[in-house]
Amino acid sequence: MPEPGPTNDTNYEAHPERYPLDMDDEQALDVAPYASRIIPYWRYGSAAEAATSAAQLYELYTRYKESGDFVGMDVVRRLLRLGLTYARKLAPDPALPPNAPLQPTPAAIFSKTFRMVDNDPDFAAQRQAHAERRAKP
């Protein structure tokens, strides 16, 4: 049985041991206080927005990583993947003129940044350590 998702009444910065790993990416939008800090940088409507957003999110990821904050790292990772998912559903960037040279799409930008985070061996190690801590009675 999957563990319940995050609740808005839990401060996961104060109680990282309560952070559930088995949740949908959209539930990351409810992870307090991280979501309120990260969401202002999360934009995927155009290639320009996605490029700025992905760079800002990666910077946040790096800060959380440097401070050993797995929950922050994971929330950023989930929002990158969610941005990729949402960007794929969008129509092509309307700011591009017809027959313009191919530009990276918002989805491609988020995909690249998500892969960098998701393939980070430090993230994998911290995720494993978090899972082990949660599994202990």
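1. Arginine 77 and aspartate 74 meet through their side chains in a salt bridge, at 3.0 Å from N to O. A salt bridge here is a side-chain nitrogen of Lys or Arg within 4 Å of a carboxyl oxygen of Asp or Glu. Both residues lie in helix 3 (residues 70-89), 3 residues apart, about one turn of the helix. Side chains of opposite charge can pair when their charged atoms come close.

2. The basis of these remarks is a predicted model, in which local features need pLDDT of at least 70 and side-chain atom pairs count only at pLDDT 80 or more, while totals for chains, interfaces and linings use all residues. Residues are numbered from 1 along each chain as its sequence is written, and side-chain values use heavy atoms, with hydrogens and water left out.

3. Are arginine 77 and aspartate 74 buried or exposed? Arginine 77 is buried, with a relative accessible area of 4%, and aspartate 74 is buried at 0%. Buried means under 20% relative accessible area, exposed over 50%, and partly exposed in between (1.4 Å probe, protein chains only).

4. Aspartate 74 also forms a salt bridge with arginine 78, the closest N and O atoms being 2.7 Å apart. This pair too lies in helix 3, 4 residues apart, about one turn of the helix. Arginine 78 is buried, with a relative accessible area of 2%.

5. Which parts of the chain does the pair of arginine 77 and aspartate 118 tie together? The closest N and O atoms of this salt bridge are 3.3 Å apart. Arginine 77 lies in helix 3 and aspartate 118 in helix 4 (residues 106-118), so the pair ties together parts that are 41 residues apart in sequence. Aspartate 118 is partly exposed, at 32% relative accessibility.

6. These residues belong to a network of salt bridges that links Asp25, Asp74, Arg77, Arg78, Arg81 and Asp118. The structure holds 9 salt bridges.

7. As for the chain, its secondary structure comes to 5 helices and 0 strands. Helices (H or I, at least four residues) and strands (E, at least two) are DSSP runs, numbered from the N terminus. Of the 137 residues, 40% count as buried. Among contacts (heavy atoms within 4.5 Å) between residues at least 6 apart in sequence, 63% join residues at least 24 apart.

8. The chain exposes about 7900 Å², and carbon and sulfur atoms supply 54% of that area. Accessible areas come from the Shrake-Rupley method with a 1.4 Å probe; for residues, only the protein chains shown count as cover.
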